[in-house]
Amino acid sequence: MPKTGDNGRTYDLPILAAVFSAAAFMIALVWADAKLFGNGSAFVLGHGILEVFSIILSLMVFAVVWNTERYEGTAIQGAGALFLAVALLDMAHLFSYGKAPSFLTPDVPAKAVNFYIVARLIAAV
């Protein structure tokens, strides 16, 4: 039976997202423990998959906060907008990672690291 809130809406999708997130986290732990990140190509693949997962979560936070009328005009809506910036910076980090084709400028390790650091700083705010 779906869980409902005070407004009568069902909460199946957030519960499903939480279960999916927990399962993805467990798979990542097992994957890292199996040392599949040892060689270069497996590391890039694993990093890309986890980075896409991070981008999706940031976009989900943005979408939920942005479309919730209760938060309209509050600081929480501003925080939701910051998660859009985090998702975009994570995407830039993913596209500028070392073995990917050039993104805007030639790839150097510092460019990917800078995108990552700025995205983490914004998420920390």
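Contact here means heavy atoms within 4.5 Å. This is a predicted model, in which local features need pLDDT of at least 70, side-chain atom pairs count only at pLDDT 80 or more, and totals for chains, interfaces and linings use all residues. Residues are numbered from 1 along each chain as its sequence is written, and side-chain values use heavy atoms, with hydrogens and water left out. The chain holds four helices and zero strands, where helices (H or I, at least four residues) and strands (E, at least two) are DSSP runs numbered from the N terminus. The buried residues of helix 4 pack against helix 3, and one salt bridge is present in the structure.

**The chain as a whole**

- Along the sequence, the pattern of the chain is α-α-α-α.
- The chain has 125 residues, of which 22% are buried; buried means under 20% relative accessible area, exposed over 50%, and partly exposed in between (1.4 Å probe, protein chains only).
- Of the contacts between residues at least 6 apart in sequence, 43% join residues at least 24 apart.
- Accessible areas come from the Shrake-Rupley method with a 1.4 Å probe, and for residues only the protein chains shown count as cover.

**Helix 2**

- Ser58 is placed in helix 2, which covers residues 40-66.
- With a relative accessible area of 6%, Ser58 is buried.
- Leaving aside residues up to four places away in sequence, Ser58 touches Phe83, Val86, Ala87 and Asp90.
- Val44 is also in helix 2, but Val44 counts as partly exposed at 27% relative accessibility.
- Val44 and Tyr97 are 53 residues apart along the chain, and their C-alpha atoms are separated by 8.6 Å.

**Helix 3**

- The 21 residues of helix 3 should span 30 Å at 1.5 Å a residue, which agrees with the 30 Å between its end C-alpha atoms. The expected span of a helix is 1.5 Å times one less than its number of residues.
- Gln77, Gly80, Val86, Ala87, Leu89, Asp90, Ala92, His93 and Leu94 are the buried residues of helix 3.
- Ala92 sits in helix 3, residues 75-95, and counts as buried at 9% relative accessibility.
- The C-alpha atoms of Ala92 and Ala119 are 9.7 Å apart, while the two residues are 27 residues apart along the chain.

**Helix 4**

- At 1.5 Å a residue, the 16 residues of helix 4 should span 22 Å, and the 23 Å between its end C-alpha atoms agrees.
- Lys111, Ala112 and Ala119 are buried in helix 4. These residues cover an arc of only 100 degrees around the axis, so they lie on the same side of helix 4; the arc is that of the directions from the helix axis to the C-beta atoms.
- On the face turned away from that buried side, helix 4 carries the exposed residues Pro109, Leu121 and Ala124.
- Ala123 is in helix 4 and is partly exposed, with a relative accessible area of 32%.
- Ala123 and Ala87 are 36 residues apart along the chain, with their C-alpha atoms separated by 9.7 Å.

**The salt bridge**

- Asp90 forms a salt bridge with Arg120, and the closest N and O atoms are 3.1 Å apart. A salt bridge is a side-chain nitrogen of Lys or Arg within 4 Å of a carboxyl oxygen of Asp or Glu.
- Asp90 lies in helix 3 and Arg120 in helix 4, so the pair ties together parts that are 30 residues apart in sequence.
- Asp90 is buried, with a relative accessible area of 0%, whereas Arg120 counts as partly exposed at 27% relative accessibility.

**A nonpolar surface patch**

- Val113, Tyr116, Ile117 and Leu121 make a nonpolar surface patch of about 370 Å².
- Patches are made of residues with over 30% relative accessible area and no salt bridge; like charges are joined within 9 Å, and nonpolar side chains (Val, Leu, Ile, Met, Phe, Trp, Tyr) within 5 Å.
- Ile117 is found in helix 4, residues 109-124, and is partly exposed, with a relative accessible area of 43%.
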